[in-house]
Amino acid sequence: MTVAEQTKSNKFEDFLKTRQGDDLFEKAMLVDEVLHSETYTGNEGLGMVSMDKLQGEYPIKEKSGEVHSVIMLGSNSYLNLSTNEEVVKAAREALDKFGYGMGVVSNYAGITELHNSLENKIAKFYGTESSIVFPSGYGANVGVISALCNEGDVIINDSANHASIFDGCRLSGADIKVFPHADMNGLERVLKRLPEETTGRLIITDGVFSMDGDIAKLDIITQLAKEYKCRVMVDDAHGIGIVGKTGKGAAEHHNVMNKIDLHVGMLSKSPGGLGGYCAASREIVQFLKLYARTYFFSTALPASLAGGLNKVFDLFLADNAGRTELWDKINYLKNKLLSKGFDIGHSQSAIIPVMIYDEEKLFKMHSELRKKGLYVNIVTYPAVRRKECRLRLCAMKDLTYAQIDRAVNILEETGRKYGVIK
Ligand SMILES: Cc1ncc(COP(=O)(O)O)c(C=O)c1O
C-alpha cells in the first residue's frame, strides 16, 4: 500500500506493525499524516487539558488552544474522592512528612507505615489475611497474573476483560482461553474441554465490566470454578465502593466474597488516587511480593497517595464514601437516557454505555458534544469491537441534577441529528 493509500485509513490496527521493508519508525510517520489529514480518527477529543480540579462542570483546553467549560461525564472518580477534602488533607500531611516520591522499590525500603496500614485496611475490607499494593493498576493485573501462572497452566478469560488482564496472561506463558462476554454456558464449554494434564487453572473476570458497566455473574462463576477445580481472580476496578450492599463490589453483590481467591482492584477509579492491589491469603501475598515483577522491579507508590488512600479506606470500611448519593445520580441519569430512547445496554453500575454502532457517527457526535459543552468518553476498537462502538458515560456523585438534565438535553439534540435514538 502506498503512503497516500495508507493515510486514507483511519483504522488503529493498520499501523500496529512495521510493513515489510519499512524502517521501524515509518508507522509513526504514517499515523502523524493521518492525524494531520481531514480524516476523522476518533482521536480528535483526546489530549485535552483540564484547567481546574475535577468537578461536575469545569473548563478544559482543546488542542486548538480554545478554553471552554464542559459537564464531566467521563471520569472514573465516581465518588469524587480525588478531590475530597479529608482525603486531600491526609495526602498533604503524608506529602509534607515523606516528600513526593519514595525513590526506591517497595522491597528496598520504599514503603512507610502508611503503605502497611493501607494494605491492612484493604485486607480488612475484603476479609482476607493480607494484601499487596502495586504502584499502578495496570501493573497489578500484569504482576499478579504473570507471577502466579506459567507455561502448563491455563487461564480462562471473559472476552470483555480489561487489556491489562490479557497482557498479564500473555506475559505469563500460560494457555489462554476466552469465553464470550457473560456467557456462562460458554464458560462451561471451555471448562469441559480443558485437557486433564493442565496444572494450574485460573478463571479471571472483571467484577464490573469497564466498557459495559454490567456485573460479572460471580455466583455461577464460583460454582463452576469449584466443579472444575479452578482458582478465581476478580478485577473489581469499577465495582469497589459502589456495588454490593455495603460497597464491597461485585463479589458482595453476589454474596461470594469468600469464594474469590484473588480480589484485585484499582486505587485509581472510585478511590480517586493511583495504584492497584490484590487481597488474598497471607502466603499468596508473600509470594507476590517476591515474584510479581511489576512490584519487585517498580518504585513504590508515593506516600502522599498512601496517605490519601488510608482515608479513602476508612470511608469505604464505614460505607461512608457517598455511595447512596452516587446511586441517586446513576439512576437519575439512566432513567433520563432511557426515557429519551437511547440504547444503554445492560449497565448495573456508574458506567453507562450509549450505544452508537457506527464509528463515523460516533466520531462526529463525540466532537459535537464537546463543542456543545459535554464531555463523555469515546469507545471503539481496540477497547470494544468496532460494530459495538459507543459513548461511555460515567455518573459522578457531585454532578447536580441540573447538570445531568443539561447533559441529557445536549445528548438528545445530537442523538436525534445522527439518528441514534430509537
Ligand atoms: C477493569 C480495569 N482494570 C485495570 C485497569 C488499569 O488501572 P489503572 O488505570 O489504574 O492502571 C483499568 C483502567 O483502565 C480497568 O478499567
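This is a predicted model: local features need pLDDT of at least 70, side-chain atom pairs count only at pLDDT 80 or more; totals for chains, interfaces and linings use all residues.

Numbering starts from 1 along each chain as its sequence is written.

**Entry: ligand.** Which residues are closest to the ligand? I find 13 residues around it, the closest being Gly137, Tyr138, His162, Ser210 and Ser268. Helix α5 gives the largest share of this shell, three residues. (Helices are DSSP runs of H or I, at least four residues, and strands are runs of E, at least two, numbered from the N terminus.) By class I get three nonpolar, eight polar and two charged. Here Ala, Val, Leu, Ile, Met, Phe, Trp, Tyr, Cys and Pro count as nonpolar, Asp, Glu, Lys and Arg as charged, and the others, Gly among them, as polar.

**Entry: helix α6.** I looked up burial along residues 163-172 and got Ser164, Ile165, Gly168, Cys169 and Ser172 as buried (20 or more other C-beta atoms within 10 Å of a residue's own, with C-beta atoms placed from the backbone). Seen down the axis of α6, these fall within an arc of 145°, so they line one face of the helix; the arc is that of the directions from the helix axis to the C-beta atoms. Their cover includes α5, β5, β6, β7 and β8. Just after α6, Gly173 has a positive phi of about 85°.

**Entry: domains.** I have domain 1 (38-79 + 322-417) and domain 2 (83-317), with bounds from an automatic or database domain assignment. Their centres, taken over C-alpha atoms, are 27 Å apart.

**Entry: core.** Which residues touch the most other members of the largest nonpolar core? I noted Val144, Cys278, Leu374 and Ala395, out of 118 residues. Such a core is a set of buried Ala, Val, Leu, Ile, Met, Phe, Trp, Tyr and Cys residues joined through C-beta atoms within 7 Å. Helix α12 gives the most to this core, eight residues. Both domain 1 and domain 2 give residues to this core, so it lies between them.

Note on methods. A residue is buried if 20 or more other C-beta atoms lie within 10 Å of its own, exposed if 12 or fewer, and partly exposed in between; C-beta atoms are placed from the backbone. Two residues are in contact if their C-beta atoms, placed from the backbone, lie within 7 Å. A residue is near a molecule or strand if its C-beta atom, placed from the backbone, lies within 6 Å of it.
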